[in-house]
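This briefing is meant for a reader who is meeting the structure for the first time. Please keep the sequence and the model in view while reading the points that follow.

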Amino acid sequence: MSRLYDTVEPAVIDEEMLQKAVEEQGPRDEAGRIAKQEGIDFADVLSLRLDFKNILKIDNLWRFTSLTKLQMDNNIIEKIEGMDALVNLVWLDLSFNNIEVIEGLDKLTKIRDLTLYNNKISCIENMDALVDLHVLSVGNNELDQLENLIYLRRFKQLKTLNLSGNPFCDDPNFKHYVIAYLPTLQFLDYRLIDENTRAAANEQYTYPIQQLEHNEEQARKRIEDQEAKEAEFNLHKGAYVENLNGSALFDSMFADDTEGPKLALLPGVDELLTGYKDKYTAICQQIFEYGLKEHQRRGDEVSGFQTAVDEAKEDNRNMGMRKINDFNEYRRKMFAELAQSSDQGHIDTSLEQHNKEIDKLWDSLMALEMQLVDQLEDTIKEFERNMADMVSTFVENVQALISQCRDLENTHNEKLLEVAIVTLEKMVKNELDDELPDDVRMLFVDKDTITNAVGASHDLHLLKIDNKEDDIITRANNWLAALMERVHNEEEVKRNRLRVSEINNFIDHLREEVETFEIQAA
């Protein structure tokens, strides 16, 4: 039975409750006294027990970001919520509560052991994110559909499952059904599954399992195909040429063209459109292939740049470490010698020399940093020139190819206008052999009407071409601008500030060490 709260007052997870729980479960004796005096950072807590607290709502746990184990059994919790920040949680116990729906677990991707024993759950669901689930206990709930257990097949690491006390356990086929449909299980209801029982279960459900596995394989292939298509599309999008390996751009010109379909019915226009489409699509294919090739070239350039930067920083770091190691060897010998000396004059002279060596080390490390700054500055400038040239060349060549599409549209428009005028003349002379729909005939009221219709169609087509050209150019230039801003910020500004701060902190530590030694010697 789930806990009732008509006779008890629900408790709230507040600061006082959390602080008390952390202190009670923290270090003992002197370590505990010190921890209590200094305060325990909730972000450092790894395990937390909040059982038997009459808690109604999960709340105020967002600071426990390092928590790996959370015990909240024997409360009156009705809903799984408020745990999105507990991304490191591995073990979660919510047994003996009033939970009706499995939910709120999407961020808990590291969960291995989940206990929901003795609640009011009627369906196993909403657990897809728990990819590493090993142990699941949902006994003493309201599960009554054996078919619902098929949902658990997605958890390939599931070894232990407790279902005892649910309505479907009364089904005579319950045990064999679970074992057959969940082949990764080793323990069911706290008992080891022996091989004889497993063999009998598999034999009983041979055919439905085969059909299920077939369906799962088909579904898996569909997902893989979809993921492959998405990856391919994202590649094309990253090259700014998505949907250009076909007739999509050509078709888009006619998608919003109300006059185009009417004009296509004029005598001979269908042949014009066929030739037009073939040539137009061929140019789009050229843009597509060129775009992918240039995308690869840009990617190689970025990778080469990053490799050069990493190598420069590594070489610089190694030179710095050699200087630090030499200094540490000198420092070790000096302090060892001073530890044996009682001559204050000698000690003072040695410490003064040591301070000079610290200054020399600071000069050396800062010189190395300035050397690296200059080196990176030159590398970045060269990289920026190369990338600007590549993007500029890409844009120019794409513009040239799109101009060919524009030329094709202009040529087609001229031919279409000629056909329209000839058709109008034939209609005036009653020499038109082809039957045209009424809405098409309405275009031939006079020359201005048909000319305007052809012109409107042409303008729309040119607009589509212009928009595609602007889109490609804008995205390419924006990518370059964002890339270089990131490079300048991360490789020059942030890195330099961080490195200078590290050097100064290191040198300050060395100087403090000397001051401490002087105090002790005095």
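In which helix do tyrosine 276 and tyrosine 280 lie, and how many residues apart are they? Both tyrosines belong to helix H8, where they are four residues apart, about one turn of the helix.

**Confidence of the model**

- The pLDDT of the chain averages 91, and 94% of the residues score at least 70.
- Among the elements of the chain, the lowest mean pLDDT, 49, belongs to helix H2 (residues 29-38), while the highest, 98, belongs to strand E3 (residues 91-93).
- Where pLDDT is low, the predicted coordinates should not be read in detail.

**Nonpolar cores**

- The largest nonpolar core holds 61 residues, and within this core the residues with the most contacts are Leu61 and Met127.
- Two or more residues of this core are given by each of helix H1 (15-25), helix H3 (174-181) and helix H5 (206-238), and the largest share, six residues, comes from H3.
- Leaving aside residues up to four places away in sequence, methionine 127 touches Ile102, Leu105, Leu114, Leu133, Leu136, Tyr151 and Phe155.
- Another core, which lies apart from the largest one, has 57 residues, including Val241, Leu273, Leu416 and Val440.

**Aromatic pairs around tyrosine 276**

- The structure holds 15 aromatic pairs.
- In one of these pairs, the ring centres of phenylalanine 250 and tyrosine 276 are 5.1 Å apart and the ring planes stand at 75°, so this pair counts as edge-to-face, for which the angle has to be over 60 degrees.
- Because phenylalanine 250 lies in helix H6 (residues 248-255) and tyrosine 276 in helix H8 (residues 269-339), the pair ties together parts that are 26 residues apart in sequence.
- Tyrosine 276 also forms an aromatic pair with tyrosine 280, which is edge-to-face as well, with 5.7 Å from centre to centre and 90° between the planes.
- Ring pairs link Phe250, Phe254, Tyr276 and Tyr280 into a cluster.
- Are phenylalanine 250 and tyrosine 276 buried or exposed? Both are buried: phenylalanine 250 has a relative accessibility of 5%, and tyrosine 276 has a relative accessible area of 4%.
- Tyrosine 280 counts as buried because its relative accessibility is 0%, and the limit for a buried residue is under 20%.
- When residues up to four places away in sequence are not counted, phenylalanine 250 touches Leu273, Tyr276, Lys277 and Tyr280.
- The C-alpha atoms of phenylalanine 250 and valine 269, which are 19 residues apart along the chain, are separated by 16 Å.

**A charge over two rings**

- Arginine 298 lies over the face of phenylalanine 394, at a distance of 4.9 Å from the ring centre.
- The charged end of arginine 298 also sits over the ring of tryptophan 479, where it is 5.7 Å from the centre.

**The sheet**

- Eight strands form an open sheet with mixed pairing, and their order is E1-E2-E3-E4-E5-E6-E7-E8.
- Strand E1 (47-49) and strand E8 (191-192) stand at the edges with a single partner strand each, so one side of each is left without a neighbour in the sheet.
- Strand E7 (residues 187-188) runs antiparallel to E8 and is joined to this strand by two bridges, and the bridge partner of phenylalanine 187 in E8 is leucine 192.
- Threonine 115 has its place in strand E4 (residues 113-115) and is buried, with a relative accessible area of 15%.
- The contacts of threonine 115, not counting residues up to four places away in sequence, are with Leu92, Asp93, Leu94, Ser95 and Ser137.

**Aspartate 257, a buried loop residue**

- Aspartate 257 is placed in the loop between H6 and helix H7 (260-263), and at 4% relative accessibility this residue counts as buried.
- Aspartate 257 touches Ser457, Leu460 and His461, again without counting residues up to four places away in sequence.
- The C-alpha atoms of aspartate 257 and lysine 107 are separated by 47 Å, and these two residues are 150 residues apart along the chain.

Methods: Residues numbered from 1 in each chain as written. Predicted model: local features only at pLDDT ≥ 70, side-chain atom pairs only at ≥ 80, totals over all residues. Heavy atoms only, no water. Core = buried A, V, L, I, M, F, W, Y, C linked by side-chain atoms within 4.5 Å. Buried < 20%, exposed > 50% of the residue type's maximum accessible area, 1.4 Å probe, protein only. Contact = heavy atoms within 4.5 Å. Phe/Tyr/Trp six-rings, centres within 6.5 Å; stacked < 30°, edge-to-face > 60°. Lys NZ or Arg CZ within 6 Å of the ring centre and 35° of its normal. pLDDT = per-residue confidence, 0-100. Pairing = 2+ DSSP bridges.
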